[in-house]
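Please keep the sequence and the structure in view while reading.

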Amino acid sequence: MSSNHVDGHPFFRFCRTALEDIRAQGRYRQFTPLARQAERYPLYDQPETVATPSTPACARDREVVVWSSNDYLGMGVEPVVVEAAIQAIHEHGAGAGGTRNIAGTSPLHTAIEAELADLHGKEAGLLFVSGYVSNQATLQTILSSMPGWICFSDRLNHASMIAGIKGARGSSTVIFEHNDLADLEAKLAAAPKDAPKLIAFESVYSMDGDISDIAGTCALARKYGAMTYLDEVHAVGLYGEQGGGVSQRDGVADQVDIIEGTLAKGFGVHGGYITATSNIVEYLRLSASGFIFTTSLPPAVVAAALASVKQVRKDGWRRERMFERVNTFRDKLRKAGIPFTMTPSHIVPIPVCDAQRCRELSDRLLSDYNIYATPINYPTVPRGTERLRLTPGPFHTDAMMDEMVTALSHLLRLNDLTEQPVPAMA
Ligand code: PMP
């Protein structure tokens, strides 16, 4: 349906041309609705029972195995987590009832903020409606707070950090080369000594799967009097003794001023947060637009996330199991001669380096093998570096891996995809 008014507006023509361009470039995105089969998951609070489950979801009326989930540990279907949500719905209803300051703060909201602060060894935590909003709102608010802020931002920082940095009033931005401490230091050294400085970076970079040097970055921050802001979105739940991220694993969480994370990936539910000193958290609580002016997360979501964080903190075996699965999968790829990018993280990129081929590969995996693996195309990654991004998890069995390896061997050979240029292969 369209109105005459809209049809005649130049934006209507703009959209049509833009969509044609996107299609012509092979990066038109189609949803594949996946119905997760939560009840098919085994009760997996006993490590031994993890050995034989499947990762079912339904797409196009068929059961498929999902290889691209960011619910890295399967916590979104973990019965303890699901039950916590159901109970909270019964107790508190479906919605939060308001913004955090206007009737939308439940005891669950404050409890999870305390839990997350404790996880990261910080004085306080602040919950946001998503990881995206936590980055955008926090960075924009901090960098607008005083005159003269300079934000040193890693070239590959996530769009949500960039949105916050760009949206700030009166600050300037210096982009340093990705994970390049020498470049960061040169740029810090060249900046005015007295300007308030912030270094914004991530721990695990989700598309390439590489990991930053947090200790090295914090040492530079100390040397040049900068604050540090670390996005641990792809690391929380997975790294560190209790899932506190790479900063916990490396024993440097106390050196990072602000640790940001999500409840939607390793913790499998939804929501974003920051943890920091009480002063910083209080300032943001009272000043950040993206925190103040939106309805808070529903109690059921918070209850589920809280149950998940508590469980994941206790269960080191979930992390061990995930990395064992990742390593087993890489061994299988290596033996089959399938090119993949070796990373120091849990992410396994399969380089394809062409948008159309990447899309085709993904489509054929789904249609011929009932395997769901999302193509990663521009603008998520630069043109020419298109890839499948696989995230093996505790639920992927040896049989599923063998099936994936067979499918990839066949389809890559068929499409001559192995002849594409391949960066940094194992
Ligand atoms: N930071 C990074 C590095 C991300 O990859 C993402 C989401 N893909 C976010 C933040 C946003 O997190 P959320 O999905 O919870 O909004």
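The domain assignment of the protein gives two parts, domain 1, made of residues 24-66 + 316-414, and domain 2, made of residues 78-314. The model is a predicted one, and the values that follow were computed from it.

**The two domains and their interface**

Taken over C-alpha atoms, the centres of domain 1 and domain 2 are separated by 27 Å, and the contact takes 18 residues from domain 1 and 22 residues from domain 2. The size of an interface is often given as the accessible area lost when the parts come together. By that criterion, domain 1 and domain 2 bury about 1,600 Å² between them, with 55% of this area on carbon and sulfur atoms. The polar side of the interface can be described by two counts: the rule finds 2 salt bridges across it, and 12 residue pairs, both members at pLDDT 80 or more, are in polar contact between domain 1 and domain 2. On the side of domain 1 that touches domain 2, the elements giving two or more residues are helix 13 (316-336) and strand 14 (387-390), and helix 13 gives the most to that side, with 5 residues.

**Salt bridges**

Side chains of opposite charge can pair when their charged atoms come close.

| Salt bridge | N to O distance |
|---|---|
| Arg-318 and Glu-78 | 3.2 Å |
| Asp-71 and Arg-36 | 3.0 Å |

The pair of Asp-71 and Arg-36, whose side chains meet at 3.0 Å, links distant parts of the chain, since Asp-71 lies in the loop between strand 3 (62-66) and helix 3 (79-92), whereas Arg-36 belongs to strand 1 (residues 35-36), 35 residues apart.

Strands of a sheet pair through backbone hydrogen bonds, either parallel or antiparallel. An open sheet with mixed pairing has 7 strands in the order 4-10-9-8-7-5-6. Strand 4 (124-128) and strand 6 (172-176) stand at its edges, and each has a single partner strand, so one side of each is left without a neighbour in the sheet. From one strand to the next, the twist averages 20°. At one end of the order, strand 5 (residues 150-154) and strand 6 run parallel and are joined by 5 bridges; within this pairing, Cys-151 has Thr-173 in strand 6 as its bridge partner. Helix 4 (residues 107-120) packs on the sheet, where it touches strand 4, strand 9 (258-262) and strand 10 (272-276), and the direction of helix 4 makes about 125° with that of strand 4.

An open sheet with antiparallel pairing has 3 strands in the order 11-14-13. Here strand 11 (348-351) and strand 13 (375-376) stand at the edges, each with a single partner strand, so one side of each is left without a neighbour in the sheet. Strand 13 and strand 14 pair in the antiparallel sense over 2 bridges, and Ile-376 stands opposite Arg-387 in strand 14. Helix 13 packs on this sheet and touches strand 11 and strand 14, its direction making about 25° with that of strand 11. Helix 13 and strand 14 are also the elements named above for the side of domain 1 that touches domain 2, each giving two or more residues.

**Local backbone features**

Ala-103, a residue other than glycine, has a positive phi near 70°, and Ala-103 is placed in the loop between helix 3 and helix 4.

Key:
Residues are numbered from 1 along each chain as its sequence is written. Side-chain values use heavy atoms; hydrogens and water are left out. Two strands pair if DSSP finds at least two bridges between them. Helices (H or I, at least four residues) and strands (E, at least two) are DSSP runs, numbered from the N terminus. Axes are lines fitted to C-alpha atoms, for helices over the stretch in contact, and angles run from 0 to 180 degrees between N-to-C directions. Contact means heavy atoms within 4.5 Å. Domain bounds come from an automatic or database domain assignment. Buried area is the accessible area (1.4 Å probe) that two parts lose on being put together, summed over both. A salt bridge is a side-chain nitrogen of Lys or Arg within 4 Å of a carboxyl oxygen of Asp or Glu. A polar contact is a pair of N or O atoms within 3.5 Å; within protein, one must be able to donate a hydrogen and the other to accept it, and residues adjacent in sequence count only if both atoms are side-chain atoms.
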